[in-house]
Amino acid sequence: MTSTFPTISISTERLVLRPLDEDDVPALTEMMNDEQVAAWTDVPQPVTEDAARSWVTDRAPAQRGSGRGVDLAVTEFLTQRLVGVVQLARTDWKIRSTELSYIVAPWARGEGYASEAALATAQWLFATQKFERVELRTPADNTAAQQVAQKIGCISEGVLRNACIVHVRTEDGGWTDLRSDYILWSLLPEDLAGAGEELAGSGGFRPYSGWN
């Protein structure tokens, strides 16, 4: 039997992480067409609403159903506005390890949402799913992603040379691939000894009944 992540929502003082749904498609489309998202992710550009809808209705459920990981919408608690996505991938259920990544919408940057969402996800993985390791891979030139990893307590384990492809604008307005390095980070349960205080008063973890 394939192990899979449970139907869950994760809440913090400011955020709710929950499954993607079709109401997210317009904001998801806008977010994924942002210049920074296009530069640092491997998502074909431009992203259409049909492509975003396919992510929500097909790819995300398949990712969870296969046991490989899970995609979670990051929304503001008060407004329910989509402000990002947290993804778990390359999950190894035998050694209880997974890779975490995050995308923040351009209208929500500078608020600390990436670190808050990533920390809450890691706490959930360690506390309730009994995971023993979370990995993050950040492009060598993506300082914002590296700052998030450092803020939540990750330890840099080294450089994966020539392992990453980023995207840069061409003179005609298109995109071209540029090979770069990944910085490999890890987070273990003991690394979060003091990080839990940052989520004091949060709503915690609860089942999400709306997940199909």
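Let's start with Thr91, which you'll find in strand β4, residues 82-92. Keep in mind as you look around that this is a predicted model. Is Thr91 buried or exposed? Its relative accessibility is 15%, and the cut-off for buried is under 20%, so Thr91 counts as buried.

Next, hop over to strand β2, which covers residues 15-19. This strand is mostly covered, with 5 of its 5 residues buried. Which strands does β2 pair with? One is β1 (residues 8-11), joined to β2 in the antiparallel sense over 2 bridges. If you want to spot a bridge yourself, find Ile10 and look across to its partner in β2, Leu17. With 3 residues between them, β1 and β2 form a hairpin.

The other partner is β3, residues 70-76, which runs antiparallel to β2 and is joined to it by 5 bridges. Here you can look for Pro19, which stands opposite Leu72 in β3.

Finally, zoom out. UniProt, in an unreviewed entry, places the feature "domain: N-acetyltransferase" at residues 15-172. In the model, that span is 35% helix and 34% strand, and its end C-alpha atoms lie 39 Å apart.

Technical notes: Residues numbered from 1 in each chain as written. Predicted model: local features only at pLDDT ≥ 70, side-chain atom pairs only at ≥ 80, totals over all residues. Heavy atoms only, no water. Buried < 20%, exposed > 50% of the residue type's maximum accessible area, 1.4 Å probe, protein only. Helix = DSSP H or I, 4+ residues; strand = E, 2+ residues; numbered from the N terminus. Pairing = 2+ DSSP bridges. UniProt positions renumbered as here; feature names shortened; annotations may be inferred.
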